[in-house]
Amino acid sequence: MTPQDFDFLAQLLRQRSGLVLTPDKSYLIESRLAPVARREGMNSVDDLIATIRARRDERIVWSIVDAMTTNETFFFRDKAPFDLLRDVVLPDLTSKRGGGGKLRVWCAAASTGQEPYSIAMTIDQAPQIHKGAMVEIVGTDISPRVLEKAKSGLYSQFEVQRGLPIQLLMRYFDKIDESWRLKDSIRSTVQYRTQNLLEDFRGLGKFDVIFCRNVLIYFDGASKTNVLERLAQQLNDDGALILGAAETVMGITDAFRAASGHRGLYLRNPGWRRAA
Amino acid sequence: MKTCLVVDDSRVVRKVARRILEEMRFDISEAADGMEALERCRGGMPDAILLDWNMPVMNGIDFLRALRREQGGEKPVVVFCTTENDMDHIAEAIRSGANEYIMKPFDSEILESKFAEVGLV
């Protein structure tokens, strides 16, 4: 790929999705875009880029953004955030509110559903913690394609073996032919919406917990600040934000403060107000 | 270094499992059926056992039940690793004392994920 093509692609991705394509990620281009090129009947990724440089076909542009932004996911990825939810966030919310009411959780990069469903299973296993609260989980992603899969609740044998303990497979899944299907009791607690985080998401309403893991790492500095500050506005005052293990708000925004002793957990900073 | 006994009648599967587990810093021994595995365990219990189901002489589930009755036989963490992939087999394995369950085919990610699940890594 020529440096000009690389720059073109990087700019396109940044405009459309906020994704920052750095040269060290260039190895992803071939593996992610070769299937798109094939699907479009082209011989190579170079041909694919040349085509949209010549004429910006929105459908192809979308396929490219979709392929480049779809990130790997698996059940209970990193484990710690889900322990944090069960052991710290939910008990804290319950003790402040005395149980009941509504508990709304937003999973901001739901991908093929493993994260929102891991959240749903975590909550389901701790009924004493949320004390009869109505649980509503909203999973969003920029890609409608991955959300279709998420909604189906169908996973391959390979997918259910990454991160999912066998006890949970037995408890929450049914085997359908060669696939595994999540039971309706869990599936029905998650709703999905297509959402680009760079665009207005106030319509989703307010949340008690927001999972936004391993998304912001792909954004440039200004987009990070922008997204985090708008996330803060969707979070109830006593709510919690959970970021990826390698992510932080330090030096990016004062809207959140790190919860001491709990890596990846952030709380709203009461003194912060978004500049008008 | 933790020890892992790989029990499978396929030499190829044992070899693949050995390679992955050695990279995870396990000290590996092998057995080709349940009876051979039981004899090895009587000589010293490993920390972990990766266990096939269908094998000649003594199959995996019979081995597991016998192991759990042995002195010190509750100690090894047992991870089934078999082509049997229906709920009945999984439930029977867990009831009989297995700690985790892998459905073949497996790769290093699945093996690592499952071993992490039961606290082996």
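In helix α3 (residues 45-54) of chain A, the buried residues are Val45(A), Leu48(A), Ile49(A) and Ile52(A). Buried here means under 20% relative accessible area, exposed over 50%, and partly exposed in between, with a 1.4 Å probe and protein chains only. Helices (H or I, at least four residues) and strands (E, at least two) are DSSP runs, numbered from the N terminus. These four residues cover an arc of only 95° around the axis, which puts them on the same side of α3(A); the arc is that of the directions from the helix axis to the C-beta atoms. An α-helix has 3.6 residues a turn, so residues three or four places apart point the same way. The cover over the buried residues of α3(A) includes α1 (3-17), α2 (27-39) and α4 (58-69) of chain A, contact meaning heavy atoms within 4.5 Å.

A word on the basis of all this. The model is predicted: local features need pLDDT of at least 70, side-chain atom pairs count only at pLDDT 80 or more, and totals for chains, interfaces and linings use all residues. Residues are numbered from 1 along each chain as its sequence is written, chains are lettered from A and ligands numbered from 1 in the order in which they are written, and side-chain values use heavy atoms, with hydrogens and water left out.

Next, the sheet. Seven strands of chain A form an open sheet with mixed pairing, in the order β6-β2-β1-β7-β8-β10-β9; two strands pair if DSSP finds at least two bridges between them. At the edges stand β6 (190-194) and β9 (256-258) of chain A, each with a single partner strand, so one side of each is left without a neighbour in the sheet. Within the sheet, β7 (residues 207-212) and β8 (residues 235-243) of chain A pair in the parallel sense over five bridges. Cys212(A) is placed opposite Leu243(A) of β8(A).

Finally, the cores. A nonpolar core is a set of buried Ala, Val, Leu, Ile, Met, Phe, Trp, Tyr and Cys residues joined through side-chain atoms within 4.5 Å. Which residues have the most contacts inside the largest core? They are Met121(A) and Phe173(A), in a core of 65 residues. Helix α5 (residues 80-97) of chain A gives the largest share of this core, six residues. A second, separate core has 26 residues, among them Leu12(A), Ala34(A), Leu48(A) and Ile64(A).
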